[in-house]
Amino acid sequence: MIDWLQHSTGGLLTLAVVSIAVLLLLIIKFKVEPFIALIVVALLVALLAGVPVETLVGSAQKASDSLLEKGFGSILGHIAAIIGLGTLLGAILEASGGAQVLMDKLMHAFGEKKAPVAIGLAGLIFGVPVFFDIGIFVLAPLVYVAAKRSGKSIVLFSMPLLAGLSVMHAFMPPHPGPVAAAGLLGVSLGWIIIMGVAVALPSWFVGGVLYSYWIGKRINVPVPEEMLAAAELAREDNGDREPPSLGLVLSIIGLPLVLILAGTFGSILLTKGTQVYSVATFFGTPAVALTISVLLAFWLLGFRRGMTREKVAEMSAASLKPVAMILLVVGAGGFFGAVLAATGIGKTLATELSGIGLPVIALAYVISCVIRIAQGSATVAIVTTAGIVAPVLADLNYSQPQLALVVMAIASGSIIASHVNDGGFWIVSRYFGLSVKETLQTWTVLETILSVVGFVVAALLSLVV
């Protein structure tokens with residue numbers, strides 16, 4: 001039996017399927033933390049596949065070359081600084097009142113009749129540096145006020161916002177999912193940004209505009225009075241603070257994206273070894289670009305506008321607390337992927353796929369969908385799927401744009417069918433006063449539309465790049 005598992009195609013594929021099933025069982029049934037479940041399953045798979053103990057964990061004298069340390073280190077070395085800096089950038093933008101400025105300008109430009117589109121665009125723009133749940137906390141009071149003024153259902157105003165925040169969180173750096181997948185698959189973040197925009201905008205338009213207008217007219221949910229009271233209190237708390245200008249807010253959000261893209265295209269268009277090439281590469285490095293943006297935000301939105309050093313330090317510490325668990329999950333996913341590559345499961349899977357003609361981009365999407373629906377976490381779905389398909393892609397000589405589209409397919413699958421096992425489901429239900437049935441009819445369907453459209457766009461683009 002052991003020999004069959006270690007050396008036959010059927011055995012290795014069985015080991016892959018069982019490992020994923022056990023992983024989901026530990027997370028869903030036994031409520032084991034995902035990063036612990038990933039480590040346990042990876043260790044078991046490695047031992048059953050016959051990976052030598054020294055290769056797996058090293059020795060007491062030297063462990064730096066082990067699969068365990070290299071699996072964790074290779075991915076965390078790539079993403080830890082990016083996720084941490086992106087979190088700090090979002091925190092200072094939130095605390096400075098940048099979201100309020102953005103929303104007010106958009107509402108003025110679009111008018112009350114097109115307020116849902118304005119709110120959706122605010123979600124798209126503010127969703128670049130801000131995590132999904134933080135975006136809801138900051139922008140939800142603005143939704144309450146807009147819905148109350150219009151006398152229409154809160155669904156009409158909340159769904160475009162949620163769509164904008166969701167697609168940015170799923171497809172765009174510096175959010176953990178796309179950054180982690182890019183690290184695992186070896187993709188430049190510049191290409192992730194380009195393909196992320198190409199996939200996110202059509203998805204948001206179909207789900208956040210067309211579907212949201214349709215469902216908003218069919219499910220009428222008034223704004224609860226306690227939510228309006230909370231919105232007014234939030235406005236009073238920020239009333240004495242001079243808001244930043246819209247140009248400043250957009251500049252700080254856009255600066256790291258522009259620098260990263262300049263580095264990406266510079267590596268293609270400029271002559272390697274020249275001074276201009278070196279400058280573009282240095283400032284286009286994601287960690288450098290985000291560091292520059294964060295420092296500017298701290299000065300222009302924080303210190304210059306009256307924030308004390310103590311307040312900035314307190315805000316930074318609070319914003320970074322949730323990052324620890326994200327990094328642990330991503331690191332464990334990197335280890336799981338390294339084990340799958342070392343056992344030969346990845347190459348076996350690649351051989352089988354080439355035989356049946358299933359495109360890798362479709363496989364990546366399906367696997368991500370299954371893991372997402374089963375256990376609820378988008379980050380776990382992305383990290384696990386990327387670890388599974390990374391060995392498959394190793395021998396296919398995909399270009400950077402093609403790899404970026406595989407990341408988009410994985411990210412699309414990771415947001416499908418949000419339901420009761422997803423924390424985001426309950427945040428949406430709570431913040432917008434929706435019953436479980438109404439949340440399933442609106443938010444769950446919205447996420448599924450965003451997922452399907454995202455995958456379709458990524459698959460179509462893969463035919464031409």
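Me: Contact means heavy atoms within 4.5 Å. How many residues of domain 1 are in contact with residues of domain 3?

Reply: This is a predicted model, where local features need pLDDT of at least 70, side-chain atom pairs count only at pLDDT 80 or more, and totals for chains, interfaces and linings use all residues. Residues are numbered from 1 along each chain as its sequence is written, and side-chain values use heavy atoms, with hydrogens and water left out. The chain is divided into domain 1 (2-55), domain 2 (69-183 + 224-324) and domain 3 (330-463), with bounds that come from an automatic or database domain assignment. Domain 3 contributes 18 residues to the contact, and the number from domain 1 is 22.

Me: Which helix gives the largest share of the side of domain 1 that touches domain 3?

Reply: Helices (H or I, at least four residues) and strands (E, at least two) are DSSP runs, numbered from the N terminus. Both α2 (9-28) and α3 (34-48) supply at least two residues of this side of domain 1. The largest share is 11 residues, and these come from α2.

Me: How many residues of that side of domain 1 are nonpolar?

Reply: Here Ala, Val, Leu, Ile, Met, Phe, Trp, Tyr, Cys and Pro count as nonpolar, Asp, Glu, Lys and Arg as charged, and the others, Gly among them, as polar. Sorted this way, the side of domain 1 that touches domain 3 has no charged residues and 2 polar ones. The nonpolar residues number 20.

Me: Is Val41 buried or exposed?

Reply: Val41 has its place in helix α3. Leaving aside neighbours within four places in sequence, Val41 is in contact with Ser19, Val22, Leu23, Leu26 and Phe336. Buried means under 20% relative accessible area, exposed over 50%, and partly exposed in between (1.4 Å probe, protein chains only). At 3%, Val41 is therefore buried.

Me: Which residues join Arg372 in one salt-bridge network?

Reply: Asp422 meets the side chain of Arg372 at 3.1 Å, N to O; Arg372 lies in helix α19 (360-375) and Asp422 in the loop between α21 (400-413) and α22 (423-431), so this pair ties together parts 50 residues apart in sequence. Glu447 also forms a salt bridge with Arg372, at 3.8 Å, N to O; Glu447 lies in helix α23 (436-462), so that pair ties together parts 75 residues apart in sequence. Arg372 and Asp422 are buried, and so is Glu447. Through shared partners, Arg372 is joined into one network with Asp422 and Glu447.

Me: Which backbone oxygen does the side chain of Gln375 reach?

Reply: Gln375 lies in helix α19 and, at 7% relative accessibility, counts as buried. Beyond neighbours within four places in sequence, its contacts include Leu24, Ile27 and Ile28. At 3.0 Å, the Gln375 side chain reaches the backbone oxygen of Ile371.

Me: In which loop is Lys31 found?

Reply: Lys31 has phi near 55°, a positive value in a residue other than glycine. With 66% relative accessibility, Lys31 counts as exposed. The loop that holds Lys31 is the one between α2 and α3.

Me: What is omega for the peptide bond from Pro173 to Pro174?

Reply: Pro174 lies in the loop between α9 (154-171) and α10 (176-185). The peptide bond that runs from Pro173 to Pro174 is cis, with omega near 5°.

Methods
A salt bridge is a side-chain nitrogen of Lys or Arg within 4 Å of a carboxyl oxygen of Asp or Glu. A polar contact is a pair of N or O atoms within 3.5 Å; within protein, one must be able to donate a hydrogen and the other to accept it, and residues adjacent in sequence count only if both atoms are side-chain atoms.
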